[in-house]
There are 2 protein chains.
Amino acid sequence: MSSFVRVETPADPRLRDYADLKDVTLRRSLEAAEGLFLAEGEKVIRRAVEAGYPVRSFLMSERWLEGLRDVVAASGAPCYVMAPERLEEVTGFAVHRGALASMLRLPLPPVEKVVAGARRVVVLEDIVDHTNVGAIFRSAAAFAVDAVVLAPRCADPLYRRAVKVSMGTVFAVPYARMDNWYDGLAGLRAAGFRLLALTPAADAVDLDACAGGPDRLALLLGTEGDGLSARWQDQADLRARIPISPAVDSLNVAAAAAVACYVLTRDQSPA
Amino acid sequence: MSSFVRVETPADPRLRDYADLKDVTLRRSLEAAEGLFLAEGEKVIRRAVEAGYPVRSFLMSERWLEGLRDVVAASGAPCYVMAPERLEEVTGFAVHRGALASMLRLPLPPVEKVVAGARRVVVLEDIVDHTNVGAIFRSAAAFAVDAVVLAPRCADPLYRRAVKVSMGTVFAVPYARMDNWYDGLAGLRAAGFRLLALTPAADAVDLDACAGGPDRLALLLGTEGDGLSARWQDQADLRARIPISPAVDSLNVAAAAAVACYVLTRDQSPA
(Lines give C-alpha, C1' and ligand atoms only; values in the text may rest on other atoms or scores of the structure.)
Protein backbone atom coordinates (compact mmCIF):
# COMPACT_ATOMS: atom_id res chain seq x y z
CA MET A 1 0.00 0.00 0.00
CA SER A 2 1.51 3.32 -0.98
CA SER A 3 1.00 6.53 0.90
CA PHE A 4 0.40 10.06 -0.28
CA VAL A 5 2.27 12.46 1.97
CA ARG A 6 1.90 16.20 1.78
CA VAL A 7 5.26 17.88 2.37
CA GLU A 8 5.59 21.60 3.05
CA THR A 9 9.29 22.16 3.65
CA PRO A 10 11.77 21.93 0.77
CA ALA A 11 14.49 20.93 3.25
CA ASP A 12 12.50 17.86 4.41
CA PRO A 13 15.04 15.00 4.59
CA ARG A 14 12.62 12.65 2.81
CA LEU A 15 13.16 14.78 -0.33
CA ARG A 16 16.91 14.36 -0.34
CA ASP A 17 16.82 12.21 -3.51
CA TYR A 18 15.47 15.22 -5.44
CA ALA A 19 17.87 17.93 -4.31
CA ASP A 20 19.64 20.30 -6.69
CA LEU A 21 18.91 18.53 -9.94
CA LYS A 22 20.92 21.07 -11.94
CA ASP A 23 24.13 20.34 -10.04
CA VAL A 24 25.71 17.59 -12.17
CA THR A 25 28.64 16.94 -9.81
CA LEU A 26 26.47 16.65 -6.72
CA ARG A 27 23.91 14.50 -8.50
CA ARG A 28 26.55 12.15 -9.86
CA SER A 29 27.96 11.43 -6.42
CA LEU A 30 24.57 11.23 -4.71
CA GLU A 31 23.14 8.89 -7.35
CA ALA A 32 26.19 6.63 -7.36
CA ALA A 33 26.33 6.47 -3.55
CA GLU A 34 22.65 5.69 -3.21
CA GLY A 35 22.27 3.55 -6.34
CA LEU A 36 19.41 5.66 -7.58
CA PHE A 37 18.34 7.59 -10.64
CA LEU A 38 15.49 10.00 -11.40
CA ALA A 39 12.70 9.61 -13.90
CA GLU A 40 10.77 12.73 -14.96
CA GLY A 41 7.30 13.00 -16.47
CA GLU A 42 4.43 10.55 -16.55
CA LYS A 43 5.42 8.67 -19.69
CA VAL A 44 9.03 8.17 -18.67
CA ILE A 45 8.10 7.11 -15.12
CA ARG A 46 5.68 4.53 -16.52
CA ARG A 47 8.32 3.14 -18.83
CA ALA A 48 10.84 2.81 -16.01
CA VAL A 49 8.34 0.97 -13.83
CA GLU A 50 7.29 -1.30 -16.71
CA ALA A 51 10.96 -2.11 -17.28
CA GLY A 52 11.15 -3.39 -13.71
CA TYR A 53 13.03 -0.64 -11.88
CA PRO A 54 11.88 -0.43 -8.24
CA VAL A 55 10.59 2.94 -7.04
CA ARG A 56 12.06 4.53 -3.88
CA SER A 57 9.59 7.42 -3.86
CA PHE A 58 7.62 9.85 -6.01
CA LEU A 59 7.55 13.65 -5.80
CA MET A 60 4.94 15.66 -7.64
CA SER A 61 2.55 18.56 -7.49
CA GLU A 62 -1.16 17.89 -7.12
CA ARG A 63 -2.12 18.11 -10.77
CA TRP A 64 0.00 15.10 -11.78
CA LEU A 65 -1.43 12.78 -9.13
CA GLU A 66 -4.41 11.59 -11.12
CA GLY A 67 -2.41 10.51 -14.17
CA LEU A 68 -0.01 8.43 -12.09
CA ARG A 69 -2.36 7.13 -9.39
CA ASP A 70 -2.26 3.54 -10.67
CA VAL A 71 1.53 3.52 -10.90
CA VAL A 72 1.90 4.97 -7.41
CA ALA A 73 -0.60 2.49 -5.97
CA ALA A 74 1.09 -0.51 -7.58
CA SER A 75 4.54 0.55 -6.45
CA GLY A 76 3.97 0.64 -2.72
CA ALA A 77 6.40 3.58 -2.53
CA PRO A 78 5.62 6.86 -0.76
CA CYS A 79 4.39 9.72 -2.95
CA TYR A 80 5.35 13.18 -1.68
CA VAL A 81 3.02 15.94 -2.80
CA MET A 82 4.08 19.59 -2.84
CA ALA A 83 3.01 22.95 -4.18
CA PRO A 84 4.80 23.57 -7.53
CA GLU A 85 6.75 26.58 -6.23
CA ARG A 86 8.00 24.55 -3.22
CA LEU A 87 8.94 21.69 -5.50
CA GLU A 88 11.05 24.11 -7.53
CA GLU A 89 12.94 25.03 -4.36
CA VAL A 90 13.84 21.38 -3.84
CA THR A 91 15.02 20.66 -7.36
CA GLY A 92 16.48 24.07 -8.17
CA PHE A 93 14.45 24.62 -11.35
CA ALA A 94 10.90 24.50 -12.72
CA VAL A 95 10.04 20.85 -13.37
CA HIS A 96 7.98 21.21 -16.53
CA ARG A 97 6.71 17.69 -16.58
CA GLY A 98 5.72 18.03 -12.92
CA ALA A 99 6.23 14.48 -11.69
CA LEU A 100 9.46 12.89 -10.52
CA ALA A 101 10.30 9.42 -9.31
CA SER A 102 13.43 8.25 -7.54
CA MET A 103 14.18 4.74 -8.79
CA LEU A 104 16.66 2.07 -7.80
CA ARG A 105 19.32 1.09 -10.31
CA LEU A 106 19.58 -2.57 -11.22
CA PRO A 107 22.90 -4.36 -11.70
CA LEU A 108 24.02 -4.06 -15.35
CA PRO A 109 24.42 -7.35 -17.20
CA PRO A 110 27.86 -8.24 -18.57
CA VAL A 111 28.63 -7.20 -22.16
CA GLU A 112 28.60 -10.83 -23.38
CA LYS A 113 25.08 -11.32 -22.16
CA VAL A 114 23.76 -8.12 -23.73
CA VAL A 115 25.21 -8.86 -27.17
CA ALA A 116 24.29 -12.57 -27.22
CA GLY A 117 21.84 -12.97 -30.07
CA ALA A 118 22.27 -9.34 -31.19
CA ARG A 119 22.89 -8.52 -34.84
CA ARG A 120 23.26 -4.76 -34.70
CA VAL A 121 25.05 -3.14 -31.77
CA VAL A 122 26.06 0.48 -31.11
CA VAL A 123 29.21 1.04 -29.08
CA LEU A 124 29.80 4.45 -27.47
CA GLU A 125 33.39 5.25 -26.70
CA ASP A 126 33.46 8.34 -24.46
CA ILE A 127 30.34 10.37 -25.21
CA VAL A 128 30.36 12.96 -22.42
CA ASP A 129 27.11 14.82 -23.05
CA HIS A 130 23.99 13.30 -21.47
CA THR A 131 21.78 14.81 -24.18
CA ASN A 132 23.77 13.00 -26.85
CA VAL A 133 23.66 9.69 -24.95
CA GLY A 134 19.88 9.98 -24.56
CA ALA A 135 19.39 10.95 -28.20
CA ILE A 136 21.52 8.03 -29.40
CA PHE A 137 19.45 5.57 -27.34
CA ARG A 138 16.25 7.00 -28.82
CA SER A 139 17.54 6.51 -32.37
CA ALA A 140 18.93 3.06 -31.53
CA ALA A 141 15.49 2.03 -30.25
CA ALA A 142 13.72 3.54 -33.25
CA PHE A 143 15.89 1.62 -35.70
CA ALA A 144 15.65 -1.59 -33.66
CA VAL A 145 19.34 -1.76 -32.78
CA ASP A 146 19.62 -4.80 -30.49
CA ALA A 147 21.97 -3.47 -27.81
CA VAL A 148 24.23 -0.60 -26.77
CA VAL A 149 27.67 -1.12 -25.24
CA LEU A 150 29.38 1.71 -23.33
CA ALA A 151 33.08 2.33 -22.82
CA PRO A 152 34.02 2.79 -19.14
CA ARG A 153 34.01 6.61 -19.36
CA CYS A 154 30.85 7.10 -21.43
CA ALA A 155 28.21 9.27 -19.70
CA ASP A 156 25.49 7.54 -17.68
CA PRO A 157 22.29 6.68 -19.63
CA LEU A 158 20.31 6.84 -16.38
CA TYR A 159 21.30 10.42 -15.63
CA ARG A 160 18.05 12.46 -15.58
CA ARG A 161 18.78 14.45 -18.71
CA ALA A 162 19.73 11.34 -20.71
CA VAL A 163 16.61 9.49 -19.54
CA LYS A 164 14.42 12.44 -20.53
CA VAL A 165 15.95 13.02 -23.97
CA SER A 166 15.79 9.27 -24.66
CA MET A 167 12.02 9.35 -23.97
CA GLY A 168 12.56 6.38 -21.70
CA THR A 169 14.18 4.21 -24.38
CA VAL A 170 17.19 3.76 -22.04
CA PHE A 171 14.88 1.34 -20.21
CA ALA A 172 14.03 -0.59 -23.38
CA VAL A 173 17.32 -1.02 -25.23
CA PRO A 174 19.57 -3.55 -23.42
CA TYR A 175 22.93 -2.06 -22.55
CA ALA A 176 26.11 -2.91 -20.69
CA ARG A 177 29.37 -1.23 -19.79
CA MET A 178 32.84 -2.55 -20.63
CA ASP A 179 35.28 -2.98 -17.72
CA ASN A 180 38.20 -2.10 -19.86
CA TRP A 181 38.63 0.47 -22.57
CA TYR A 182 41.93 -0.74 -24.00
CA ASP A 183 40.81 -4.27 -24.80
CA GLY A 184 37.10 -3.60 -24.75
CA LEU A 185 36.57 -4.40 -28.42
CA ALA A 186 38.23 -7.82 -28.27
CA GLY A 187 35.16 -9.45 -26.75
CA LEU A 188 32.93 -8.10 -29.49
CA ARG A 189 35.25 -9.35 -32.18
CA ALA A 190 35.45 -12.75 -30.47
CA ALA A 191 31.65 -12.86 -30.53
CA GLY A 192 31.75 -12.52 -34.31
CA PHE A 193 30.98 -8.81 -34.68
CA ARG A 194 32.50 -6.88 -37.52
CA LEU A 195 33.63 -3.55 -36.01
CA LEU A 196 32.73 -0.45 -38.01
CA ALA A 197 34.33 2.82 -36.87
CA LEU A 198 32.35 5.93 -37.85
CA THR A 199 34.62 8.86 -38.67
CA PRO A 200 34.50 12.05 -40.72
CA ALA A 201 37.97 11.20 -42.13
CA ALA A 202 38.20 11.66 -45.89
CA ASP A 203 39.96 8.31 -46.47
CA ALA A 204 37.15 6.24 -44.91
CA VAL A 205 34.70 4.32 -47.11
CA ASP A 206 31.19 5.61 -47.79
CA LEU A 207 28.84 4.31 -45.09
CA ASP A 208 26.32 3.39 -47.77
CA ALA A 209 28.68 0.69 -49.00
CA CYS A 210 28.38 -0.95 -45.54
CA ALA A 211 24.59 -1.33 -45.62
CA GLY A 212 23.20 -4.84 -45.85
CA GLY A 213 26.55 -5.97 -44.49
CA PRO A 214 27.57 -8.83 -42.26
CA ASP A 215 25.32 -10.71 -39.91
CA ARG A 216 26.80 -9.16 -36.79
CA LEU A 217 27.88 -5.54 -36.93
CA ALA A 218 29.04 -3.19 -34.16
CA LEU A 219 28.93 0.54 -34.95
CA LEU A 220 31.61 2.44 -32.98
CA LEU A 221 30.92 6.10 -32.14
CA GLY A 222 33.53 8.36 -30.56
CA THR A 223 33.49 11.33 -28.24
CA GLU A 224 32.15 14.75 -29.22
CA GLY A 225 34.88 16.88 -30.76
CA ASP A 226 37.73 14.40 -31.11
CA GLY A 227 35.80 11.35 -32.29
CA LEU A 228 37.06 7.80 -31.85
CA SER A 229 40.45 7.21 -30.26
CA ALA A 230 43.31 6.06 -32.46
CA ARG A 231 43.31 2.78 -30.51
CA TRP A 232 39.69 1.99 -31.40
CA GLN A 233 40.09 3.11 -35.00
CA ASP A 234 43.06 0.75 -35.29
CA GLN A 235 41.07 -2.07 -33.74
CA ALA A 236 38.14 -1.61 -36.12
CA ASP A 237 37.68 -3.82 -39.18
CA LEU A 238 36.44 -0.92 -41.24
CA ARG A 239 36.37 2.89 -41.11
CA ALA A 240 33.27 4.42 -42.67
CA ARG A 241 32.08 7.98 -43.18
CA ILE A 242 28.82 9.72 -43.85
CA PRO A 243 29.51 11.90 -46.90
CA ILE A 244 29.06 15.56 -45.96
CA SER A 245 29.81 18.96 -47.44
CA PRO A 246 33.50 19.91 -47.32
CA ALA A 247 32.39 23.27 -45.84
CA VAL A 248 31.30 21.56 -42.59
CA ASP A 249 33.68 19.92 -40.08
CA SER A 250 31.40 17.15 -38.91
CA LEU A 251 27.90 16.11 -37.94
CA ASN A 252 26.80 16.18 -34.34
CA VAL A 253 27.39 12.68 -32.92
CA ALA A 254 23.67 12.11 -32.28
CA ALA A 255 22.81 13.14 -35.85
CA ALA A 256 25.57 10.87 -37.18
CA ALA A 257 24.25 8.02 -35.01
CA ALA A 258 20.73 8.49 -36.37
CA VAL A 259 21.91 8.38 -39.98
CA ALA A 260 24.22 5.41 -39.36
CA CYS A 261 21.56 3.41 -37.50
CA TYR A 262 19.15 4.14 -40.33
CA VAL A 263 21.60 3.00 -43.02
CA LEU A 264 22.88 -0.07 -41.18
CA THR A 265 19.50 -1.46 -40.12
CA ARG A 266 17.80 -1.10 -43.51
CA ASP A 267 16.79 -4.45 -45.01
CA GLN A 268 17.42 -6.27 -41.76
CA SER A 269 15.05 -9.13 -41.21
CA PRO A 270 14.50 -10.15 -37.60
CA ALA A 271 17.20 -12.44 -36.22
CA MET B 1 40.58 51.02 -33.76
CA SER B 2 39.13 48.76 -31.11
CA SER B 3 39.73 49.19 -27.44
CA PHE B 4 40.37 46.68 -24.68
CA VAL B 5 38.59 47.80 -21.55
CA ARG B 6 39.04 46.11 -18.21
CA VAL B 7 35.71 45.99 -16.35
CA GLU B 8 35.48 45.13 -12.66
CA THR B 9 31.78 45.47 -11.83
CA PRO B 10 29.26 42.94 -13.13
CA ALA B 11 26.57 45.64 -12.99
CA ASP B 12 28.52 47.91 -15.37
CA PRO B 13 25.93 49.23 -17.88
CA ARG B 14 28.28 48.53 -20.79
CA LEU B 15 27.73 44.80 -20.10
CA ARG B 16 23.97 44.99 -20.43
CA ASP B 17 23.96 42.96 -23.65
CA TYR B 18 25.33 39.97 -21.71
CA ALA B 19 23.01 39.92 -18.71
CA ASP B 20 21.24 36.79 -17.45
CA LEU B 21 21.89 34.53 -20.39
CA LYS B 22 19.89 31.69 -18.82
CA ASP B 23 16.71 33.75 -18.66
CA VAL B 24 15.04 32.93 -21.98
CA THR B 25 12.15 35.36 -21.56
CA LEU B 26 14.35 38.29 -20.64
CA ARG B 27 16.84 37.50 -23.37
CA ARG B 28 14.14 37.25 -26.03
CA SER B 29 12.76 40.68 -25.25
CA LEU B 30 16.19 42.30 -24.83
CA GLU B 31 17.52 40.82 -28.08
CA ALA B 32 14.42 41.74 -30.07
CA ALA B 33 14.35 45.31 -28.68
CA GLU B 34 18.02 45.89 -29.35
CA GLY B 35 18.29 43.87 -32.58
CA LEU B 36 21.18 41.87 -31.22
CA PHE B 37 22.24 38.28 -30.70
CA LEU B 38 25.11 36.61 -28.87
CA ALA B 39 27.86 34.44 -30.29
CA GLU B 40 29.84 32.23 -27.90
CA GLY B 41 33.27 30.71 -28.34
CA GLU B 42 36.13 31.61 -30.68
CA LYS B 43 35.04 29.48 -33.63
CA VAL B 44 31.43 30.64 -33.61
CA ILE B 45 32.40 34.32 -33.18
CA ARG B 46 34.76 34.05 -36.15
CA ARG B 47 32.05 32.50 -38.29
CA ALA B 48 29.56 35.24 -37.40
CA VAL B 49 32.07 37.96 -38.27
CA GLU B 50 33.04 36.24 -41.52
CA ALA B 51 29.34 36.07 -42.41
CA GLY B 52 29.17 39.85 -42.13
CA TYR B 53 27.37 40.42 -38.84
CA PRO B 54 28.59 43.68 -37.22
CA VAL B 55 29.96 43.41 -33.67
CA ARG B 56 28.56 45.67 -30.93
CA SER B 57 31.08 44.52 -28.33
CA PHE B 58 33.06 41.56 -27.02
CA LEU B 59 33.21 40.22 -23.47
CA MET B 60 35.83 37.71 -22.43
CA SER B 61 38.30 36.69 -19.78
CA GLU B 62 42.00 37.28 -20.31
CA ARG B 63 42.91 33.84 -21.59
CA TRP B 64 40.70 34.14 -24.71
CA LEU B 65 42.14 37.48 -25.80
CA GLU B 66 45.06 36.12 -27.76
CA GLY B 67 42.98 33.77 -29.93
CA LEU B 68 40.58 36.53 -30.94
CA ARG B 69 42.95 39.50 -31.08
CA ASP B 70 42.77 39.79 -34.89
CA VAL B 71 38.96 39.60 -34.91
CA VAL B 72 38.68 42.22 -32.18
CA ALA B 73 41.14 44.53 -33.93
CA ALA B 74 39.37 44.25 -37.29
CA SER B 75 35.96 44.89 -35.78
CA GLY B 76 36.59 48.25 -34.19
CA ALA B 77 34.22 47.25 -31.38
CA PRO B 78 35.10 47.57 -27.69
CA CYS B 79 36.33 44.38 -25.99
CA TYR B 80 35.46 44.17 -22.29
CA VAL B 81 37.84 42.03 -20.26
CA MET B 82 36.84 40.54 -16.91
CA ALA B 83 37.95 37.95 -14.40
CA PRO B 84 36.13 34.65 -15.15
CA GLU B 85 34.27 34.64 -11.81
CA ARG B 86 33.01 38.21 -12.43
CA LEU B 87 31.98 37.27 -15.94
CA GLU B 88 29.90 34.46 -14.48
CA GLU B 89 28.06 37.00 -12.32
CA VAL B 90 27.09 38.94 -15.44
CA THR B 91 25.86 36.03 -17.49
CA GLY B 92 24.45 33.90 -14.66
CA PHE B 93 26.46 30.76 -15.48
CA ALA B 94 29.96 29.54 -16.23
CA VAL B 95 30.75 30.41 -19.85
CA HIS B 96 32.78 27.36 -20.85
CA ARG B 97 33.99 28.72 -24.12
CA GLY B 98 35.02 31.92 -22.35
CA ALA B 99 34.47 34.49 -25.09
CA LEU B 100 31.22 36.21 -26.02
CA ALA B 101 30.33 38.73 -28.67
CA SER B 102 27.21 40.83 -28.95
CA MET B 103 26.37 41.10 -32.65
CA LEU B 104 23.87 43.10 -34.65
CA ARG B 105 21.15 41.21 -36.49
CA LEU B 106 20.81 41.86 -40.21
CA PRO B 107 17.44 42.15 -41.95
CA LEU B 108 16.31 38.71 -43.13
CA PRO B 109 15.82 38.35 -46.88
CA PRO B 110 12.34 37.48 -48.16
CA VAL B 111 11.54 33.79 -48.64
CA GLU B 112 11.48 34.12 -52.46
CA LYS B 113 15.02 35.42 -52.48
CA VAL B 114 16.37 32.67 -50.23
CA VAL B 115 14.86 29.85 -52.27
CA ALA B 116 15.70 31.29 -55.69
CA GLY B 117 18.13 28.83 -57.26
CA ALA B 118 17.72 26.34 -54.39
CA ARG B 119 17.06 22.66 -55.09
CA ARG B 120 16.73 21.27 -51.59
CA VAL B 121 15.02 23.33 -48.89
CA VAL B 122 14.09 22.48 -45.29
CA VAL B 123 10.96 24.15 -43.88
CA LEU B 124 10.47 24.26 -40.09
CA GLU B 125 6.90 24.68 -38.99
CA ASP B 126 6.91 25.47 -35.26
CA ILE B 127 10.05 23.94 -33.77
CA VAL B 128 10.13 25.45 -30.29
CA ASP B 129 13.40 24.09 -28.90
CA HIS B 130 16.52 26.12 -29.72
CA THR B 131 18.69 23.01 -29.48
CA ASN B 132 16.63 21.31 -32.19
CA VAL B 133 16.73 24.39 -34.43
CA GLY B 134 20.52 24.57 -34.07
CA ALA B 135 20.96 20.84 -34.67
CA ILE B 136 18.77 20.95 -37.79
CA PHE B 137 20.83 23.81 -39.24
CA ARG B 138 24.02 21.84 -38.59
CA SER B 139 22.67 18.80 -40.46
CA ALA B 140 21.24 20.98 -43.22
CA ALA B 141 24.68 22.53 -43.73
CA ALA B 142 26.42 19.15 -43.58
CA PHE B 143 24.17 17.72 -46.29
CA ALA B 144 24.41 20.87 -48.41
CA VAL B 145 20.75 21.79 -48.16
CA ASP B 146 20.45 25.11 -50.00
CA ALA B 147 18.16 27.04 -47.66
CA VAL B 148 15.97 26.86 -44.56
CA VAL B 149 12.54 28.50 -44.35
CA LEU B 150 10.91 29.14 -40.96
CA ALA B 151 7.24 29.39 -40.10
CA PRO B 152 6.36 32.57 -38.18
CA ARG B 153 6.43 30.84 -34.78
CA CYS B 154 9.56 28.71 -35.23
CA ALA B 155 12.26 29.39 -32.61
CA ASP B 156 14.99 31.92 -33.44
CA PRO B 157 18.13 30.44 -35.08
CA LEU B 158 20.17 33.35 -33.66
CA TYR B 159 19.26 32.60 -30.06
CA ARG B 160 22.54 31.81 -28.24
CA ARG B 161 21.79 28.12 -27.67
CA ALA B 162 20.75 27.56 -31.29
CA VAL B 163 23.86 29.34 -32.58
CA LYS B 164 26.08 27.24 -30.32
CA VAL B 165 24.51 23.86 -31.15
CA SER B 166 24.60 24.75 -34.85
CA MET B 167 28.36 25.31 -34.58
CA GLY B 168 27.82 28.59 -36.37
CA THR B 169 26.13 27.00 -39.42
CA VAL B 170 23.16 29.37 -38.82
CA PHE B 171 25.46 32.00 -40.35
CA ALA B 172 26.22 29.87 -43.40
CA VAL B 173 22.88 28.38 -44.48
CA PRO B 174 20.64 31.07 -46.02
CA TYR B 175 17.31 31.31 -44.23
CA ALA B 176 14.16 33.38 -44.19
CA ARG B 177 10.94 33.55 -42.23
CA MET B 178 7.43 33.35 -43.71
CA ASP B 179 5.04 36.22 -42.86
CA ASN B 180 2.08 33.93 -42.86
CA TRP B 181 1.65 30.40 -41.58
CA TYR B 182 -1.68 29.62 -43.21
CA ASP B 183 -0.64 30.30 -46.79
CA GLY B 184 3.08 30.03 -46.22
CA LEU B 185 3.54 27.01 -48.44
CA ALA B 186 1.84 28.54 -51.47
CA GLY B 187 4.90 30.57 -52.40
CA LEU B 188 7.12 27.50 -52.34
CA ARG B 189 4.74 25.56 -54.54
CA ALA B 190 4.51 28.51 -56.92
CA ALA B 191 8.30 28.47 -57.12
CA GLY B 192 8.13 24.87 -58.34
CA PHE B 193 8.96 23.02 -55.13
CA ARG B 194 7.42 19.66 -54.46
CA LEU B 195 6.36 19.70 -50.79
CA LEU B 196 7.28 16.61 -48.78
CA ALA B 197 5.74 16.36 -45.28
CA LEU B 198 7.75 14.19 -42.89
CA THR B 199 5.50 12.28 -40.49
CA PRO B 200 5.62 9.10 -38.42
CA ALA B 201 2.11 8.18 -39.68
CA ALA B 202 1.82 4.57 -40.79
CA ASP B 203 0.02 5.42 -44.05
CA ALA B 204 2.83 7.65 -45.37
CA VAL B 205 5.20 6.40 -48.05
CA ASP B 206 8.72 5.21 -47.22
CA LEU B 207 11.12 8.17 -47.36
CA ASP B 208 13.57 6.07 -49.34
CA ALA B 209 11.14 6.07 -52.25
CA CYS B 210 11.48 9.87 -52.37
CA ALA B 211 15.26 9.92 -52.84
CA GLY B 212 16.60 11.10 -56.16
CA GLY B 213 13.26 12.82 -56.58
CA PRO B 214 12.24 16.04 -58.27
CA ASP B 215 14.49 18.94 -59.09
CA ARG B 216 13.07 21.19 -56.38
CA LEU B 217 12.06 19.60 -53.11
CA ALA B 218 10.99 21.20 -49.80
CA LEU B 219 11.15 18.97 -46.72
CA LEU B 220 8.52 20.03 -44.13
CA LEU B 221 9.29 19.33 -40.46
CA GLY B 222 6.75 19.88 -37.68
CA THR B 223 6.87 20.81 -34.06
CA GLU B 224 8.23 18.51 -31.34
CA GLY B 225 5.50 16.31 -29.97
CA ASP B 226 2.61 16.99 -32.32
CA GLY B 227 4.48 17.10 -35.62
CA LEU B 228 3.17 18.95 -38.66
CA SER B 229 -0.21 20.68 -38.48
CA ALA B 230 -3.13 19.15 -40.37
CA ARG B 231 -3.13 22.26 -42.57
CA TRP B 232 0.45 21.75 -43.74
CA GLN B 233 0.01 18.00 -44.16
CA ASP B 234 -2.99 18.70 -46.39
CA GLN B 235 -1.03 21.25 -48.37
CA ALA B 236 1.87 18.87 -48.98
CA ASP B 237 2.24 16.95 -52.24
CA LEU B 238 3.51 13.89 -50.45
CA ARG B 239 3.64 12.48 -46.91
CA ALA B 240 6.73 10.40 -46.20
CA ARG B 241 7.94 8.48 -43.17
CA ILE B 242 11.23 7.13 -41.93
CA PRO B 243 10.50 3.47 -41.14
CA ILE B 244 11.02 2.86 -37.42
CA SER B 245 10.26 0.15 -34.91
CA PRO B 246 6.59 -0.08 -33.91
CA ALA B 247 7.77 -0.10 -30.28
CA VAL B 248 8.90 3.54 -30.55
CA ASP B 249 6.57 6.54 -31.01
CA SER B 250 8.83 8.70 -33.11
CA LEU B 251 12.33 9.95 -33.72
CA ASN B 252 13.52 13.21 -32.21
CA VAL B 253 12.90 15.91 -34.84
CA ALA B 254 16.62 16.69 -35.16
CA ALA B 255 17.42 12.99 -35.69
CA ALA B 256 14.62 12.73 -38.25
CA ALA B 257 15.93 15.85 -39.99
CA ALA B 258 19.43 14.37 -40.18
CA VAL B 259 18.18 11.13 -41.72
CA ALA B 260 15.84 12.93 -44.14
CA CYS B 261 18.50 15.41 -45.27
CA TYR B 262 20.88 12.48 -45.79
CA VAL B 263 18.37 10.52 -47.87
CA LEU B 264 17.08 13.46 -49.91
CA THR B 265 20.44 14.97 -50.82
CA ARG B 266 22.10 11.69 -51.91
CA ASP B 267 23.04 11.68 -55.59
CA GLN B 268 22.43 15.40 -55.92
CA SER B 269 24.76 17.04 -58.38
CA PRO B 270 25.30 20.78 -57.89
CA ALA B 271 22.58 22.96 -59.37
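How many salt bridges are found across the interface of chain B and chain A? In this predicted model, the rule finds eight salt bridges across that interface. One of the salt bridges in the model joins Asp249(B) to Arg47(A), with the closest N and O atoms 3.1 Å apart.

The extent of the interface can be given in residues or in area. In residues, 25 of chain B are in contact with 25 of chain A. For area, the size of an interface is often given as the accessible area lost when the parts come together. Here chain B and chain A bury about 2100 Å² between them, and 57% of this lies on carbon and sulfur atoms. On the side of chain B, Arg138(B), Ala142(B) and Tyr262(B) supply 25% of the area buried against chain A, more than any other three residues.

The next point is how the two chains are arranged. The same surface serves both copies, since 100% of the contact residues of chain B recur in chain A.

Not counting residues up to four places away in sequence, Ile242(A) touches residues of chain A including Leu198(A), Leu207(A) and Leu251(A). Ile242(A) also touches Phe143(B) and Tyr262(B). Tyr262(B) is also one of the three residues named above for their share of the buried area.

Last come the cysteines. A disulfide is a covalent bond between the sulfur atoms of two cysteines. Over all chains the count of disulfides is zero. For Cys261(A), the closest cysteine sulfur is in Cys210(A), and it is 13 Å away, too far for a bond. Cys261(A) is buried, with a relative accessible area of 2%. Cys79(B) is also buried, at 0%.

Notes. Residues numbered from 1 in each chain as written. Chains lettered and ligands numbered in written order. Predicted model: local features only at pLDDT ≥ 70, side-chain atom pairs only at ≥ 80, totals over all residues. Heavy atoms only, no water. Contact = heavy atoms within 4.5 Å. Disulfide = S-S within 2.5 Å. Buried < 20%, exposed > 50% of the residue type's maximum accessible area, 1.4 Å probe, protein only. Buried area = accessible area lost by both parts, 1.4 Å probe. Salt bridge = Lys/Arg side-chain N within 4 Å of Asp/Glu carboxyl O.
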